[in-house]
Amino acid sequence: MSAARIKELTELLNYHAHKYYVEDSPEISDYEYDHLLHELEQLEEQYPELKDPASPTVRVGGKILEGFESVTHEVPMQSLHDSFNEQDVMDFDTRVSGVLGSGTYEYVAEHKIDGLSVSLEYRDGLFVRGSTRGDGITGEDVTQNLKTIASIPLRLKDTVPLLEVRGEVFMAKDTFDSLNAQREKNEEPLFANPRNAAAGSLRQLNPQIARERKLDIFVFNIQKIEGVEINTHTEALDFLKEQGFKVIPQHKAYKTIKEAFNRVLEIGEERYSLPFEIDGAVLKINNLEQREILGSTSKFPRWAEAYKFPAETKKTKLLDIIVQVGRTGVITPNAVLEPVRVAGSTVSRVTLHNLDYIREKDIKIGDYVMVRKAGDIIPEVVEVSKEDRDGSEREFYMPERCPECGAEVLRTDGEAAYRCVGTACPAQLARSIIHFASRDAMDIDGLGPAIVNQLIDNGLITSWADLYYLNKEDIAKLEKMGDKSAQNLLDALEETKKRELFRLLFAFGIRLNGQRSSKLLAKHFGSLENIMNATAEEMSQIPDIGEKTAQNVFEYFKNDKNLELIQKLVASGVNTEYHAEEGETNRLSGKKFVITGKFEELSRAEMTALVEKNGGKASGSVSKNTDYVIAGEDAGSKLDKANSLGVTVLTFDEFMKMISE
Ligand code: AMP
Ligand code: ZN
C-alpha cells in the first residue's frame, strides 16, 4: 500500500516538476505540489527503505561537503573555436567543405549559453553523477548541487543503459537580478554577471545554498550513449527532449552556411530579449558520422564553430557627475546615468576615473553617451554622442573643497588624481589612523583595523591625536572588548609615547615620506619642532631627501588642521625629540652600499642595519650610482658587476674600519 503510494507520488511529482521547470506549463498549483511533496516526505520518513533514488525529495539538498571529488571525463569536454565576423565563419565552412566536399552536409545553429559546462551521467536511466568541465579532462563532482536543479531529470523516461550528456548550467536574468538585489540589501558583495553567479552557486559546498540560487540548464550534446542508435544532432536533441531534458531551444538544420549564418545573426538580434544570457551562437555539423570524419584538434572539434557577438553598446543620458572620496583621499568622478540595461544588467553609474579622462573624451554633464561593459563586467563610457548636443550641456569641474570634509582638494604634479588633503576627512580617517598605529609607524600593540573602525563609528576618535585621550570605560564598551583588553590598549598607547621621533614623523602619513626619510629628517633636525620650522629647501639639502618629499613635509606642517592635531598629540606627552642610538653616526651619509656574499661575524641584515645606523643607504643591486660594495665570502655576480663598473669593493674589515674612524 505505502509502496504503491510512494511510487505514485514520486512519478506524479516528477511529472509536474517537468511540466513546470522544463515545459514551462504547470498543470497544478504550487500549493498542490507542495502538499503532495509533503505527503511523500512523510511516507519516506516512515519507510526509508522504499525511497526511490529518483525521488523529488532528493532535490532538497544533502549535507554540506568539505570539498569536491575530481572526475575524469572519458570523453573530453572540449572548448570551441571562436569566430568574430562573417569572414571567420566562411573560413570555417571552407575548412569543412575541404574535407567533406561541398553540398554534402548540414549545419545546426544554436544559442551559445553563457553559463558553465557540465556533464551528466545516467546509468539504467538513473542520474548517477554530474561534474563540471574543469580543464576539459578533469572536473569536479557536483552531483549533489546538480540534483537541486529542477530541470535536470533524476530518472529518464526510458531505461537507457548508459548516457552521458553535456549541457550548460546558467542563471536566468531575473533570478540574477533578484539575487543581486538581495545581496545588496544584505551588504554582501555583488556578482558581476549571471555566469559568475551560476559558477559560484554550482561550486557551493552547501547544497542548500545551491538550491536557493535556482539554477537552470540547457543540454546540447550526447557525449556517450549505449543501447540507442542516433545519427544526427537534431535526432539527438529530440531524443534528449523525449527523455525529459531541457534541451537547447530551436534546433533546425540548414543546408548552406549562408542560411545557417543568417540564423546566427537572428539569434544575435534576440540576444537581449531572451530570459537568459548568451555570448554568441554555435554552428555545428548535423551528421554525427561526418563529425567523426572531421575530428578534433587538441583543443577544439573541427565540426563546430562559436560565433561571438560584439559587446553591446547602448546610448543613455549622463545626468550628472558626482565625486567620491576614496580611502586614500583620491577624488574620483562618477557619472550618474539614466538607468540603461547593458549586457545583462542595469547600469546607472560608471566611473570616469579622473579629470583627464573626462576632458579627453570631452564628456559634459547632460551629454548622451555610449555605454558598454568592458570585458562584459565593468561598465564604461565609450564615447559622447556629439550630434545629440543642444548647447545645454555643462562642463564638469573638480570641486575645490572635499565634499566629505571641506578640506582643500589638490592635484599633485605629474599625477592625474586630485586628492583631499584634510587629515580629518572621514573618508581618509580610518586609513590614516590604521597607518599611524601600524608596526612601522607608532607600533601600537593591539590596535588593528577592526578596533579603529569601531572607535570611529562610536564617535570616540576623529583623529590619531584622540587615541591618547581615550578612557577605559569608553573602550570597554566596544564589541569584544572587556575591561581587561581596554586596559591593555591604554597600556599599549602609553608605551608608544616613548617611540622614536622618526616613527612619529612616519606615522603622520605624509605622502612620499617613508620610514627612511623620516629617519634622516629626525636625525638631521633633532626635534619635531625643528623639522616643523625647517624650509623645504633645508630639508632637500639632506642627501637622499627628494625635493617632492621635502615639499610635502613642509606643506604638511603649514596646514592649520594638522598643526592643531599635532599640538593635541604633543600635549599628551608623546616624544618629539631625537635621541641618538648608541653607535649612531653620520659617517656614511649620502653613500650607497651593496652588501653581497656571506660574513662570518654578522648576518647580511645586521650589516644593512649597521650601514643605516651610520647614515648610509643599503640597496640590492649594483649600478654606477653605487659607492661601495661590501663583499663577503662566495660573493658572485654583484661583485663581478662592481668590478666591471669600477665600484670600490670593501672587505668586512675595511668596512668596519671605515665606520670606526
Ligand atoms: P568557450 O568557453 O568560449 O570556449 O566556448 C565553449 C563553451 O561554450 C563550451 O564549453 C560550452 O560550455 C559552451 N556552450 C554554451 N552553449 C553551447 C552550445 N549550444 N553548444 C556547445 N557549447 C555551448
Ligand atoms: Zn576630505
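Analyst: Let's start with aspartate 544, which is found in the loop between helix 19 (536-540) and helix 20 (547-556). Keep in mind that this is a predicted model. Aspartate 544 has a positive phi of about 80°, even though it isn't a glycine. As for cover, aspartate 544 counts as partly exposed, because its relative accessibility is 33%, which falls between the 20% and 50% cut-offs.

Aspartate 24 sits in the loop between helix 1 (2-22) and helix 2 (30-46). With a relative accessible area of 65%, aspartate 24 is exposed.

While we're on loops, have a look at lysine 386, in the loop between strand 16 (378-384) and strand 17 (409-411). Lysine 386 is partly exposed, at a relative accessible area of 44%.

Now to the ligand. Around ligand 1 there are 15 residues, and the closest are Ser79, Glu110, Arg166, Glu168 and Lys284. Sorted by class, that shell has 7 charged, 5 nonpolar and 3 polar residues. Strand 3 (107-113), strand 7 (162-170) and strand 10 (278-285) each put at least two residues into the shell. Strand 3 gives the largest share, with 4 residues.

Serine 79 has a polar side-chain atom 2.7 Å from an oxygen atom of ligand 1. Glutamate 110 places a polar side-chain atom 2.9 Å from a nitrogen atom of the ligand. With histidine 111 it's the backbone instead: an N or O atom there lies 3.0 Å from a nitrogen atom of ligand 1. On its own, ligand 1 would expose 490 Å², and the protein buries 86% of that.

Next, follow glutamine 223, in strand 8 (residues 216-226). Glutamine 223 is buried, because its relative accessibility of 14% is under the 20% cut-off. Its side chain makes a polar contact of 2.8 Å with the side chain of asparagine 221. If you skip neighbours within four places in sequence, glutamine 223 is in contact with Val75, Pro76, Met77, Glu164, Val165 and Arg166.

Not counting residues up to four places away in sequence, leucine 240 touches Leu163, Val165, Val219, Asn221, Ile222, Phe245 and Val247. Leucine 240 also belongs to the largest nonpolar core, which has 65 residues; Leu120, Leu146, Leu240 and Phe245 are the members that touch the most others. A second, separate core has 53 residues, among them Trp464, Leu504, Ala507 and Leu565. As a general point, nonpolar side chains in soluble globular proteins tend to be buried together.

Key:
Residues numbered from 1 in each chain as written. Chains lettered and ligands numbered in written order. Predicted model: local features only at pLDDT ≥ 70, side-chain atom pairs only at ≥ 80, totals over all residues. Heavy atoms only, no water. Buried < 20%, exposed > 50% of the residue type's maximum accessible area, 1.4 Å probe, protein only. Near = heavy atom within 4 Å. Polar contact = N/O pair within 3.5 Å; in protein donor to acceptor, adjacent residues only side chain to side chain. Areas by Shrake-Rupley, 256 points an atom, 1.4 Å probe, with all protein chains shown as cover. Nonpolar A, V, L, I, M, F, W, Y, C, P; charged D, E, K, R; others polar. Core = buried A, V, L, I, M, F, W, Y, C linked by side-chain atoms within 4.5 Å. Contact = heavy atoms within 4.5 Å.
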